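Thanks for coming, everyone. Have a look at the model on the screen, and I'll talk you through it.

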Amino acid sequence: MVNATKGLFISCDIPMAQFIINYNNSLPPSQKFIIHVLDGTHLFVQQHAAEMIRSAISEFRDQNSYEKPT
Amino acid sequence: MGHGEKSHRPSKKHKSSAKESIPVEDYEAYVGGEELDDDVRGDGEVKKRDFTKLELKPDHMNRPLWACADGRIFLETFSALYKQAYDFLIAIAEPVCRPESMHEYNLTPHSLYAAVSVGLETQTIISVLDKLSKTKLPKEMIDFIHGSTANYGKVKLVLKKNRYYVESPFPEVLKKLLRDDVISKSRIIPEGANGNGGFTISKTLGEIAADSSGLLNEAELAAAAEEKETHAFEIDPSQVEKVKERCLPNALNYPMLEEYDFRNDTVNPDLDMELKPQAQPRPYQEKSLSKMFGNGRARSGIIVLPCGAGKSLVGVSAASRIKKSCLCLATNAVSVDQWAFQFKLWSTIRDEHICRFTSDSKERFRGNAGVVVTTYNMVAFGGKRSEESEKIIEEIRNREWGLLLMDEVHVVPAQMFRKVIAITKSHCKLGLTATLVREDERITDLNFLIGPKLYEANWLDLVKGGFIANVQCAEVWCPMTKEFFAEYLKKENSKKKQALYVMNPNKFRACEFLIRFHEQQRGDKIIVFADNLFALTEYAMKLRKPMIYGATSHVERTKILEAFKTSRDVNTVFLSKVGDNSIDIPEANVIIQISSHAGSRRQEAQRLGRILRAKGKLRDRMAGGKEEYNAFFYSLVSTDTQEMYYSTKRQQFLIDQGYSFKVITSLPPPDSGADLSYHRLDEQLHLLTKVLTAGDDAVGLEQLDEDVDDIALHKSRRFSGSMSAMSGANGMVYMEYSTGKNKNGKGQMKSKPKDPAKRHHLFKKRFA
Amino acid sequence: MPQVRIIAKNFMDMVAALPAMKLDKLYDNSFICEAILRSLPPLAKKYVLQMLCVELPVNSKSMEEWVLPDGASKHRVAIDRLVQLRIFTETKKKGDVTYTLNPIFQTNLKKLLVYGVVLPREPMPSSVTVRRPSSEELEAFALEQWECFLLQLINSSQTERPSNISSSMMKTFQRGLVTQRDREAPRLTESGFQFLLMDTNAQLWYIIREYITSSEERGIDSADLISFLLELSFHVTGEAYNINTLTEVQKNTIKDFTDLGLVKLQQGRKESWFIPTRLATNLSVSLTDTSSRKQGFVVVETNFRLYAYSSSKLHCEILRLFARIEYQLPNLIVGAITKESLYGAFDNCITAEQIISFLQQNAHPRVAERIPSVPENVTDQIRLWETDLNRVEMTTAYYYDEFPSRDLFDGAVDYARSYNGLLWEAPDDSKKMRLVVRAENHGHMREYLSGQK
């Protein structure tokens, strides 16, 4: 019997996938959001996780970028 | 107004979180470690700087600049008056950025102090600025100039016939100073003092302003060029430092300018040296000298020229003009050799009149005047010296030096400066540097310990003139491999982050690709820089290239450099940060940087400086010439890591000088690279294991040895508490590698990295 | 002009889109006929003149012989335009296509040739119209009015004085450009931002188009309005024209045009007059689609600093869309393009390309000849920052597994693909049969999977 699960399909590059996986691993079990790691650049996650992932990525990006003070 | 003050209010939320995550390596272990952290932002909101109400002059099109009430000045470089305006602005203001079309400057108390000390008067500054300005000058700026210059430059300390005089054209100022107890007690009252408050009155030649071309050479300057009446009183030589201190801004606020009337110095013997005819100073070198010798005397101060632009010729020229004994201070033994060489190259000084004083060579000059080249450390050293050294240092101490020539003043800590200056008695101090990083608070120390900035060249103008190489800068983005990035992100690997992003196989492949490209396609000579010793050895071994780092012996170093210079088979050399400034490799024209010290803007500029020395014919190098780009600077960066943050930060100084970094995102190109290293996953995984099993300390930064860079050692001692890196147990990492291309395998390997304490001991031993 | 989603159709498209009745009415005016003629592509102009004295229909085949073979596409464009504008009437009979010149148009144009140009109104003699502005003054007036209007349009706090444009009219213009959720301050929409990045001509067209299309709401015939605009565009910049030559409707319209900076109104002792500005006469420039190039004013440096030679508050507002403004001087705006400022722009759906092309189009003459006019490292970085934001793509989807057979799996993959809904499938060598399909195709997938059972 074919099984269908609703969620969020994520397509990204290799480092971003690793980042999301690592982020997921850092969360307590109740908050983990990855349903399936499909391959190196594709993930299937819970639908509500979109905002959470985006803000984690943007925080990470800010950490790694230098902005010249005025 | 531009006081260089920074707001230290809490930064914006996400900024501060970014800040916290910057790891321990941000502490400044690098030579100096003095760059002020400028990451602390203001509240992130841009202050409204609305100066639209300034009145535009009808002929504003013909004027080159805008001046704002907060001290910021904008200069059009395409204006017909650019050259004059530049010379003027660099004398009165600090450059903020100088790209192609528009320069920005800040008027600060320091910059105005410098302006006054090269002979510009308050009224001249204001009226020339007003002439150049497209708008009427803001009242705030005029007030600021008045306020800042009211006291500056009014008082001079002059050493005349070995007697110290406090000199001023304003007798009322001298009277004011004499109301101070310390100063009045230091005064030596001449016999038969007459009515003028007892001051000696004399005439001095006014300023022969170097920049008096065209616009600036008007009534105001004409007035300045007239003979001026000066008043003076003598002070006790033993009290000079105390008097100077009383005059500093935090006390009486009449900082004294120091000038040396060397032509009238009949006490100190002359040194027979002239510039050789073939030593033709370039226009900007001439300009810096004219700032220094503008009124026929020698002024103390700092001259800023990019690396490779010929600082040494300026230094040698200054010494040749003063023609008195000269003490030349460099940062390390290698530079000492180079300075001695430069003196002989450019001047007619006889060999017996120049000597080197280092741990290895303790020479002495013959006759009653000469040049001594040594290091800051040799002079400032506080421990026990050898008998021989003690004698030499005693001579240095006792001699009255005509010129104290100080190289790389930006790397020398202030305490060391104080010490050196206290030990040596000199009439004139000239500091040279390439990178005066402006956030540096040390600039204050430099200002009062040496003197104001006398001149600063514009990098882009020198590039356009063909005086320094036109460098193509590129930032090569190397994506992390999946496995390396997964490890990088793990909390438990926080101490290995640097090793992981430096050893990123994609970075290695980009490096290998670039080396091949430049060696094979262009026949270039390449320096690869890595601060991280683990990476340095891994890369050099894997690519079978020679490498030099702190522990490489002098003999081997010389051998490698000689091969690099002469052999057609040795075209790439790997250098640790020992190569940042103390190794001279004029043949190199390509730099590949695989790891660096955190966010040091100075290191970036210094490394670029390694390839700035212009090669080939001048006409080929000029804009549009056939070798317009003949030098390449690549910075390899692992994307999505902290290295990105540092990389951008490091570039800021160069970017402000008008350099731009082109981002290259795919190296090697997608259709190639199968023949490069780490193409296969198993090789990559093997490398990963190596990185992960190496001790946390082993994969950190290199700590320099004493024979590499004296100043660095001095610093690392001070920081030794925070560096567990070399504590012994991790010796095994070094065991695996030999230095460079060593035929007999482990022949010259270091048995164990040195314990900082022990190294300190070794350092002592050299002098004992 | 940046490629934006607002299609600032040119004026002639708008004329062509008028209903046949209104078009024919337009051609009653011989001046309009001339205006239209002048706006035509060169080949079309030639055809009209060639047909001027031909009363009979001309066969399309013989007309094709008028051009060389390589002019065929231009020929097509010309004919299409003429037919759209009802200057040519197309008749199809037994596969034969013939064209006739619109008789009203023909008559009026002939009259024009015989009697010369009949202007709708003559300029007033300068002896009557005192205190006429110089061309610089007029130019400054026009720009100031236009800028003031735009600032008000985008609800900028920088507006110094409100224009006289009625708030209902302003609301009309703001449609699509500004949104306002209740109680919140109004903010620009995506189109609004893009609108600001367009050049003045394109912006003017956008506004004029809104003005015309909304004219019926105000009880004004759009054809009358178009014909008045056409008239206006053929007036001479800086000349004075008597208000009394206008109809009541036109008099009201001219007031609105004053607020937009198209004309300046002046009052003499006895009479009043209007003076068309370059904005008005540029309408006719735009008729032939040659966008007049303004002088650029922006210098971008390799260190991401931006210097705009402008005293315009509007320019300042525009630059603020993607740059951090640091200094404002009487004739210079200083700013920096930062990651933060760009992210702000990207949030408002301004694209990297739009920003780059704005900077390039408006490059100061000093840097305009330089190639590239905007430093490459800056344009690269702007693009890279944009790409960086789009590295992770998220799609609501369904994940299917536990397929009982390879056949069913393969079928499902093909089926999903046929709907363009397939997002991911397990590689062939994988033992697990899994696929991910867009959520919107789930209904079909369910049907398919249950149907196959």
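In chain A, 60% of the contacts with a separation of 6 or more are between residues 24 or more positions apart; a contact here means C-beta atoms, placed from the backbone, within 7 Å. Please keep in mind that this is a predicted model, where local features need pLDDT of at least 70 and side-chain atom pairs count only at pLDDT 80 or more, while totals for chains, interfaces and linings use all residues. Residues are numbered from 1 along each chain as its sequence is written, with chains lettered from A and ligands numbered from 1 in the order in which they are written.

Chain A has 2 helices and 3 strands, in the order β-α-β-β-α from the N terminus. Those are DSSP runs, numbered from the N terminus: H or I of at least four residues for helices, E of at least two for strands. The radius of gyration of chain A is 14 Å, well over the 11 Å from the globule rule for 70 residues, so the chain is more spread out than a compact globule. That radius is taken over C-alpha atoms, and the rule is 2.2 Å times the number of residues to the power 0.38. Along the principal axes, the C-alpha atoms of chain A fill a box of roughly 60 × 25 × 15 Å.

Now to chains B and C. Their contact takes 25 residues from chain B and 24 residues from chain C. On the chain C side, strand 11 gives the largest share, 6 residues.

Conventions:
Contact = placed C-beta atoms within 7 Å.
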